[in-house]
Amino acid sequence: MLRTTLAAMAAATMLFSAPIGALAESYPDKPIKVIVPNGAGGSTDITSRLVAKEFSEKLGQNLAIVNMGGGGTAIGAMEAAKSAPDGYTLLSTHEAFLTSSALGVNTLGPKSVKPIAQVAKEVIVLTVPKGSEITSLAEFYEAAMEGHSDANLNLGVSPGAANHFFFLNVLSPIDHDVTFIPTGGGAKTLKALLGGTIDAGVFAVSESIQAIRSGDIVPIALFDKNRHADLPDTRTASEQGHDVNVGLHYVWYAPAETPDERVAKLASVLTEVISDEAFRNTLVERSITPELITGSDLTAALDARFTETKALAEKYVVGN
Amino acid sequence: MIYDLLSSFGDMLSPTPFLFILLGTLSGIVIGAIPGLNGAMLVTLSLPLTYGWDPLNAIGLLVGQYVGSISGGLVSATLLNIPGSPSSMMTTLDAAPMAKKGNPERALQLGIIASFVGGTVSWLALVFLSPPLAKIALSFGPHEYFALVLVALMLISSLSEGSMAKALMSACLGMLVAFPGLDTITAQPRLTFGFPQMLAGFDLLAVLLGIFAVTQLLTDAGNSMASAERIRLSGKMYFVALSDLSKQAFNMVRSSLIGTWIGILPGIGGSVGSIVSYVTAKNMSKTPEKFGTGCDEGVVASEAANNATVGGALIPMITMGIPGSIIDVILIAALTLHNIRPGPLLFQNEPHIVYGFMSTMMIANILMLFIMIFGIRLLAKLIDVPTKFLVPILLLLCVVGAFAVNNRVFDIWVMLGFGLVGLLFRSWSIPVAPFVIGFILTPIAETNFRTALILSDNNLWDFFARPITAMFLVLSAVMLLIPLFKRRRPAITTRNEH
């Protein structure tokens with residue numbers, strides 16, 4: 001109610017003060033706060049900072065990254081959603097925002113924000129320790145299938161987080177019977193895989209490439225349309241006959257009520273950023289794939305991802 | 001390995017990191033020398049500053065402060081008969097009488113040299129014991145980790161000063177405080193009482209700042225430093241005779257080894273190390289009656305041991321991610337802030353960090369020797385610094401520090417709340433160390449315990465079917481039961497660590 005009144009007042013002020021075009025010109029006239037709902041130094045933080053640096057140069061305005069970690073991105077994401085919808089507070093996050101919303105930890109959900117652009121993605125790879133009997137996606141499915149002969153496969157995940165849902169997604173074509181071991185995020189799951197606690201793990205290429213190159217872990221399948229430049233010998237899931245497509249997508253959002261023309265302005269500058277060849281290379285060097293999606297394509301993609309995540313959450317996670 | 005270490009020395013001796021180590025060591029010595037301010041507080045306060053720095057610079061500053069603050073306590077212990085930091089408690093027993101007899105320079109120099117030897121011996125242990133230990137720790141699964149953490153919790157409770165019942169209570173409270181947040185297995189909110197801000201639980205740094213810094217500052221603000229007798233250094237140059245030092249050589253090495261060993265034990269650091277080493281030196285001495293009257297042996301035993309705990313304590317931290325002392329808890333928080341997870345994989349993934357710790361400790365140790373030997377006249381003036389003027393400034397830094405990590409005002413309230421909790425602990429003389437160790441180890445213990453149960457199909461007996469796990473569990477049970485059979489606490493009881 002208050003918000004509509006304020007919006008009406010703002011609209012009235014606009015009518016009397018300046019033409020819309022002139023107003024759009026003046027945005028942004030002060031630094032923009034970007035909430036990263038993760039601690040400093042992690043992959044989300046680093047990627048957000050890389051984008052923000054380039055973004056602020058092209059935008060001609062400073063972007064201040066504010067790390068607000070905790071609650072599986074819920075705290076920072078809800079803080080951003082509740083901020084003034086004036087285009088001066090943004091949110092940079094990824095799948096964790098969808099999973100924490102699907103689990104009800106983030107009580108405001110994806111409707112509380114408006115997507116601006118997807119800037120990049122981390123390609124996900126299924127890996128096993130060296131010497132594992134599993135050498136292909138088919139063999140992985142066989143070992144994970146309900147009624148399998150050997151002991152349950154132990155899969156390392158951070159419960160409720162993106163890597164948990166990646167596995168659920170990968171396993172969705174079959175009726176699975178596996179044991180999820182709460183090993184934690186990427187680095188900790190990698191340790192569990194090296195230490196022999198778990199039989200398989202899913203990782204972003206960027207976080208596992210070192211261990212793959214050293215031969216300590218073996219990539220089984222890549223979940224992307226194309227092969228990854230850093231893992232030219234690893235076959236994709238679709239090459240192996242299974243059309244599973246998961247990934248960690250970095251998406252920038254604004255609070256839901258942010259005016260469309262401001263979102264459009266931000267989206268157009270982000271498009272410039274991601275189209276920049278030098279900047280694309282910066283990402284590629286870190287094994288991150290630049291991939292720009294904006295507008296209705298992005299809304300549709302995010303809706304589909306959230307519906308899927310919610311279905312998986314209700315089927316496998318909540319109440320288990 | 002030697003090559004990695006040497007190249008790390010090269011890196012850390014380049015201007016920027018070296019400057020940070022110098023700054024850290026210097027500030028550590030200064031804060032350590034001012035009575036009422038201690039190393040744990042300094043390191044906690046500096047931690048938020050390092051946010052955004054290169055991790056190696058952060059390590060340089062914080063490890064420098066660690067080494068410096070343990071050493072600086074010697075100054076006020078000698079000249080004021082008040083331990084500048086808790087680990088210098090035993091130093092007061094002999095250094096102060098020696099100073100009173102007109103030999104303050106001698107007491108200080110003996111202490112400084114013993115500190116250096118202690119640091120060096122434990123550094124050697126750090127360099128040579130860490131790699132094999134990390135290899136062993138790499139094979140540890142959830143069962144082993146859980147049992148190991150249990151040993152650590154028992155150890156801190158049974159070895160911290162005062163009654164074991166109070167220590168255990170403190171540890172349990174610390175564990176309780178670690179529970180709110182997202183459940184590690186179901187990812188559902190737990191004990192958040194519906195507050196979204198509680199989804200992240202209590203922030204480690206906010207709790208540490210509260211319980212170390214705020215508590216200390218509030219206490220300092222409430223006390224006016226009693227007008228203790230101040231001993232002044234005479235103007236003349238003085239150097240301890242080499243023959244006096246060589247008489248202490250055996251004592252130095254023994255005390256350093258004791259300190260290193262105590263340091264390795266999880267959770268207990270400087271003060272326990274110097275107590276054990278002092279008592280041992282006294283028991284093994286031909287002239288035990290001289291202890292407490294200003295003898296060389298007492299000063300050397302205490303100062304060698306407390307510095308030796310630094311290197312010892314870094315061993316379990318680097319190899320297993322389990323803090324060997326209170327300051328290690330803060331160092332772990334610092335590494336986490338830089339997204340570096342101490343543990344067996346650190347050697348493989350980020351060897352430069354591991355070797356950075358090693359080279360920094362040695363550089364800081366050498367800097368400490370030079371700063372203290374040549375700067376002692378200036379350092380001696382620090383005992384006159386009135387703490388009350390520092391309190392408001394430092395309290396302000398606490399608030400900024402608590403806010404900076406997550407940009408949440410909530411964390412400031414958490415910090416202030418735990419500052420008051422710390423005051424209550426003090427007034428009931430409950431040791432704070434078990435609380436902090438319980439707080440940081442609980443998430444590790446819980447996750448590993450529940451993970452182990454999942455792996456073992458909820459079969460508890462599986463813990464005893466694993467030799468290493470079973471051994472750790474028996475060890476912790478023994479530690480819990482020993483006090484029931486042994487009525488008397490160790491002869492020397494001292495006041496609480498913080």
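How many residues of chain A are in contact with chain B, and how many of chain B with chain A? In this predicted model, 30 residues of chain A touch 31 residues of chain B.

The size of an interface is often given as the accessible area lost when the parts come together. For chain A and chain B, that buried area is about 2300 Å², and carbon and sulfur atoms give 65% of it. Three residues deserve a look here: I75(A), P182(A) and K191(A) supply 23% of the area that chain A buries against chain B, more than any other three residues. On the side of chain A that touches chain B, the elements giving two or more residues are β2 (63–67), α4 (74–81), β6 (179–182) and α8 (186–195) of chain A. The largest share comes from α8(A), with five residues. Sorted by class, this side of chain A has 14 nonpolar, 13 polar and three charged residues.

What about charged pairs across the boundary? Side chains of opposite charge can pair when their charged atoms come close. Between chain A and chain B, however, the rule finds zero salt bridges, while two residue pairs are in polar contact.

Now let us go inside. The largest nonpolar core has 132 residues, and those with the most contacts inside it are W123(B), F212(B), F357(B) and M358(B). Helix α16 of chain B, residues 351–379, gives the largest share of this core, 17 residues. Apart from it lies another core, this one of 58 residues, including I116(A), L137(A), A162(A) and L248(A).

Salt bridges come next, and a search of the whole structure finds 20 of them over all chains. One joins the side chains of D260(A) and K114(A), at 2.8 Å from N to O. Its partners come from distant parts of the chain: D260(A) is in helix α10 (residues 260–275) of chain A and K114(A) is in strand β4 (residues 113–129) of chain A, 146 residues apart. Is D260(A) buried or exposed? Its relative accessibility is 54%, so D260(A) counts as exposed.

In one of its pairs, D296(B) and R106(B), the closest N and O atoms are 2.6 Å apart. Because D296(B) lies in helix α13 (residues 296–320) and R106(B) in helix α6 (residues 104–138) of chain B, this pair ties together parts that are 190 residues apart in sequence. D296(B) is buried, at 16% relative accessibility, and R106(B) is buried too, at 12%.

Another pair is D244(B) and K247(B), whose side chains meet at 3.7 Å, N to O. These two are three residues apart in helix α10 (residues 242–247) of chain B, which means they are separated by about one helical turn. D244(B) counts as buried at 17% relative accessibility, whereas K247(B) counts as exposed at 64%.

Finally, return to chain A for Q61(A), in the loop between α3 (43–59) and β2. Q61(A) has a relative accessible area of 15%, so it is buried. Beyond its neighbours within four places in sequence, Q61(A) is in contact with P28(A), D29(A), K30(A), P31(A) and S56(A). Its side chain reaches the backbone oxygen of P28(A) at 3.2 Å.

Key
Residues numbered from 1 in each chain as written. Chains lettered and ligands numbered in written order. Predicted model: local features only at pLDDT ≥ 70, side-chain atom pairs only at ≥ 80, totals over all residues. Heavy atoms only, no water. Contact = heavy atoms within 4.5 Å. Buried area = accessible area lost by both parts, 1.4 Å probe. Salt bridge = Lys/Arg side-chain N within 4 Å of Asp/Glu carboxyl O. Polar contact = N/O pair within 3.5 Å; in protein donor to acceptor, adjacent residues only side chain to side chain. Helix = DSSP H or I, 4+ residues; strand = E, 2+ residues; numbered from the N terminus. Nonpolar A, V, L, I, M, F, W, Y, C, P; charged D, E, K, R; others polar. Core = buried A, V, L, I, M, F, W, Y, C linked by side-chain atoms within 4.5 Å. Buried < 20%, exposed > 50% of the residue type's maximum accessible area, 1.4 Å probe, protein only.
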